[in-house]
Amino acid sequence: MNLKNSKFFKRIQELRHFSKEKIRKDREKRTHVVRALDMALNEQPCLDREWFSPEQSPPLQPMSPRRRMKKTRCLKRRAAAGKQVGDNSPYYGPSSGENSPMPADEAKLQGFIQLNNKTYRVECPTRVLNPPMNVDEERPASETKSTICVSNSRYAMIGKISKTLGYKLVKESKMWNILWSDSFPGVELFKNMKRFQQINHFPGMIEICRKDLLSRNLNRMLKIFPQDYKIFPKTWMLPADYGDAMNYALNHKRTFILKPDSGAQGRGIWLTNDLKTIGPHERLICQTYINRPLLIDGYKFDLRVYTLITSVDPLRIFVYNEGLARFATNKYVEPTPGNANDLYMHLTNYSVNKRNSHYELCDNDDCGSKRKLSAINTWMRRHNYDVEEFWSNVDDVIIKTVLSAWPVLKHNYHACFPGHDKIQACFEILGFDILVDWKLKPYILEVNHSPSFHTNEQVDREVKRPLIRDTLNLVSTVLADKRQILKEDRKRVKQRLLKIRGDPPVQRPRLGGGTSKPKIDAQKGSPDAQPVDVEPEAEDHGPLAQQIAWEESHLGNFRKIMPPPDLSKLDYYTRFYAQSNQVSIFAETAASKKREDLARKMRIQIEEKKAKQQQMLNGKAKRDARKRHTVLLPRAVRERNRMNLFRLRENWSPGFISDAEERLRHTWLHMRAEAIRMLKITENRRYSSTDLQQSLRNWTPDQHGHGRLSASLPQLAARLRHQTCSIVSHLAQLQPHRLLTLIHNVLLKFVDSI
Ligand code: ADP
């Protein structure tokens with residue numbers, strides 16, 4: 001028989017063919033995937049378009065005709081929609097304020113940056129893009145549009161201004177470029193941020209934004225630099241500094257202002273001459289009252305100076321040239337016991353004074369309870385004050401305040417954003433409250449991390465709208481290419497997942513230029529600090545140089561105060577960077593020791609409370625307390641207690657047990673026995689313990705005194721044999737006094753019957 005012609009052989013051939021085909025297809029599919037991966041991995045990352053210098057620029061890749069057509073189409077569509085290319089989009093360098101030096105084309109920008117105690121001169125070629133004429137240079141709107149999430153802000157104005165600047169409003173769950181939030185976000189959010197994302201808060205800024213932390217930092221700096229840090233009224237944190245404050249009050253006849261340690265809007269503030277009225281355990285901030293403030297038209301006022309920080313390492317601070325002066329609404333008189341309670345006279349908060357009927361709304365610059373800083377400047381010039389010097393002093397106060405928290409800010413930033421190598425992950429608008437005394441000396445009162453952007457009055461609108469606009473223009477969001485970064489990140493993840501061997505993973509440099517370990521110890525607080533090296537800009541400060549150049553060219557109405565333009569000033573501030581370890585300095589002061597003691601006591605109290613709660617939950621409290629009590633008692637007492645207990649046991653007699661109780665117990669026992677039998681826990685059970693007990697109960701002696709049990713004696717013996725274990729286990733279940741009662745009852749019955 002020819003096998004090759006058989007059906008069976010043909011079928012086998014068919015199957016072989018199928019399986020071969022399947023293997024081939026699988027192989028093809030696999031090669032396709034590997035090739036795709038290879039292609040993805042070999043792709044060249046594109047460079048930042050607007051910031052490469054001509055020498056560094058790579059040759060432009062010729063654009064494919066298809067892509068070119070797509071772009072042309074996109075451009076035409078946009079032109080048809082009447083939208084001028086790059087008109088308001090932040091990508092193209094938006095309109096700045098009048099002061100903004102905006103070069104029309106390429107320009108060399110110079111600046112200094114401060115990095116770990118070294119100063120670098122930065123010279124960066126910048127090119128502010130005009131609306132591009134060449135179609136090839138244009139990108140589709142979807143690629144260029146920056147996005148902002150304002151859902152965590154209660155100020156509608158921020159969203160509106162962002163929209164006009166070309167930002168797209170998105171939800172928090174989307175890939176936003178900027179997240180604008182009124183409150184400090186959690187660490188989780190910081191940690192999960194992508195390299196192109198920015199948020200409007202720095203981690204750790206609370207160090208200067210809470211009254212108690214601000215006073216702690218400023219007091220510490222005052223201790224190290226007593227001549228330089230007289231920028232705030234004398235401050236004590238109660239109750240830790242209670243003794244110091246009382247001492248001061250004894251030797252100086254002063255008025256004090258008392259504030260809750262984390263309060264705001266003038267809540268809970270009062271004035272006093274007598275610190276003895278304060279309890280030694282009250283948590284308050286106590287400050288000497290500046291009783292001769294600068295007055296305008298007889299009213300006290302304070303300044304709200306808006307400050308933008310775009311980077312903490314290197315520190316870059318900008319102050320907005322416009323701001324607000326908030327006036328008290330009753331004419332000022334130095335504090336006396338009679339007027340100390342008049343908050344409309346001594347406090348300048350808007351939230352307090354708006355309630356006064358004398359609150360003045362005015363569209364004119366020279367009147368009203370809220371005025372612009374420019375109006376104050378005009379008033380000062382009119383009264384022959386040196387306005388430039390005054391503002392230089394204000395800038396000094398702001399810089400020193402930020403520097404007091406600089407180590408924490410720097411540490412937190414690097415801890416939260418180790419991989420942010422393209423742009424800064426944070427920027428922050430701070431509201432500095434500055435009080436000016438009659439000698440024109442500015443004092444820092446408070447720093448607000450979320451200054452109000454309510455626009456109730458015309459003056460608010462005139463100040464706050466341009467402030468937001470200029471801030472959004474100044475932050476260097478556009479320097480990070482979202483698509484490119486996402487692509488790089490995806491590639492990195494893919495590499496990690498597929499474990500493709502190749503170059504070892506590249507450590508991303510920090511935006512600070514991959515700075516080495518700080519060498520600030522060498523200059524720890526020393527006034528004769530080494531002169532600052534001025535080095536030509538190193539190549540590895542690329543993204544940072546771009547940021548600096550961007551900021552310098554988009555100042556709007558901001559002025560840069562840190563790093564200061566003057567080199568001698570830069571040297572002066574360098575010494576404040578060199579604060580040694582905060583904790584050790586903090587530990588050295590007497591007040592801080594007390595503070596630590598208090599904190600330790602509080603910690604112990606809290607721990608004890610927690611332990612108690614835990615014990616109560618576990619139901620061990622009484623037992624453990626008794627145990628602890630016994631351990632603590634002297635030996636003689638313990639012995640006496642033991643003897644008493646023994647005597648008690650000796651004289652013990654069982655209590656009365658009602659019939660109902662007994663019946664109930666029987667039912668339970670019966671139920672338990674049934675359950676045991678059903679579950680077959682004990683084998684060969686023929687008689688339950690209840691039977692036995694019943695037998696004992698029903699036993700009555702006959703006339704011969706032998707008695708008659710409900711069961712015969714051999715049966716009983718058998719029962720006893722079989723049931724011993726279960727009876728023992730039953731009896732073991734009973735509480736001791738119940739067991740004794742049972743035996744007692746049975747015996748009594750037995751004796752009675754005899
Ligand atoms: P809050 O955060 O509650 O507004 P501030 O510290 O800003 O508290 O103080 C509220 C107001 O009290 C200030 O605007 C200022 O007018 C006044 N004030 C605060 N501290 C002093 C001080 N040391 N001397 C004089 N006035 C002060």
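Cys362 is partly exposed, at 22% relative accessibility; here buried means under 20% relative accessible area, exposed over 50%, and partly exposed in between (1.4 Å probe, protein chains only). Its partner is Cys367: a disulfide joins the two, with 1.8 Å from S to S. A disulfide is a pair of cysteine sulfur atoms within 2.5 Å, and by this rule the count comes to 1.

Before going on, please note that this is a predicted model, in which local features need pLDDT of at least 70, side-chain atom pairs count only at pLDDT 80 or more, and totals for chains, interfaces and linings use all residues. Residues are numbered from 1 along each chain as its sequence is written, and side-chain values use heavy atoms, with hydrogens and water left out.

**Cysteines**

| Cysteine | Relative accessibility and class |
|---|---|
| Cys362 | 22%, partly exposed |
| Cys367 | 19%, buried |
| Cys286 | 0%, buried |
| Cys416 | 14%, buried |

Cys416 is in no disulfide, as the nearest cysteine sulfur, that of Cys426, is 7.7 Å away.

**Around the ligand**

Next, let us visit the ligand. Around the ligand are 23 residues, of which Lys259, Gly266, Thr348, Asn349 and Glu446 come nearest; a residue is near a molecule if one of its heavy atoms lies within 4 Å of it. By class, this shell has 9 nonpolar, 8 polar and 6 charged residues. In this scheme, Ala, Val, Leu, Ile, Met, Phe, Trp, Tyr, Cys and Pro count as nonpolar, Asp, Glu, Lys and Arg as charged, and the others, Gly among them, as polar.

A polar side-chain atom of Lys211 is 2.8 Å from a ligand oxygen, a polar backbone atom of Gln265 is 3.3 Å from one, and a backbone N or O atom of Gly266 is 2.6 Å from one. The protein covers 99% of the 540 Å² of accessible area that the ligand has on its own (Shrake-Rupley method, 1.4 Å probe).

**Aromatic rings**

A search of the whole structure finds 21 aromatic pairs, meaning rings of Phe, Tyr and Trp (its six-membered ring) whose centres lie within 6.5 Å; planes under 30 degrees apart count as stacked, over 60 as edge-to-face and the rest as tilted. Trp180 and Phe453 form an edge-to-face pair, 6.3 Å centre to centre with 65° between the planes. Trp180 is buried at 2% relative accessible area, and Phe453 is buried at 5%. Elsewhere, ring pairs link Phe225, Tyr229, Tyr572, Tyr573 and Phe576 into a cluster.

Conventions. A polar contact is a pair of N or O atoms within 3.5 Å; within protein, one must be able to donate a hydrogen and the other to accept it, and residues adjacent in sequence count only if both atoms are side-chain atoms.
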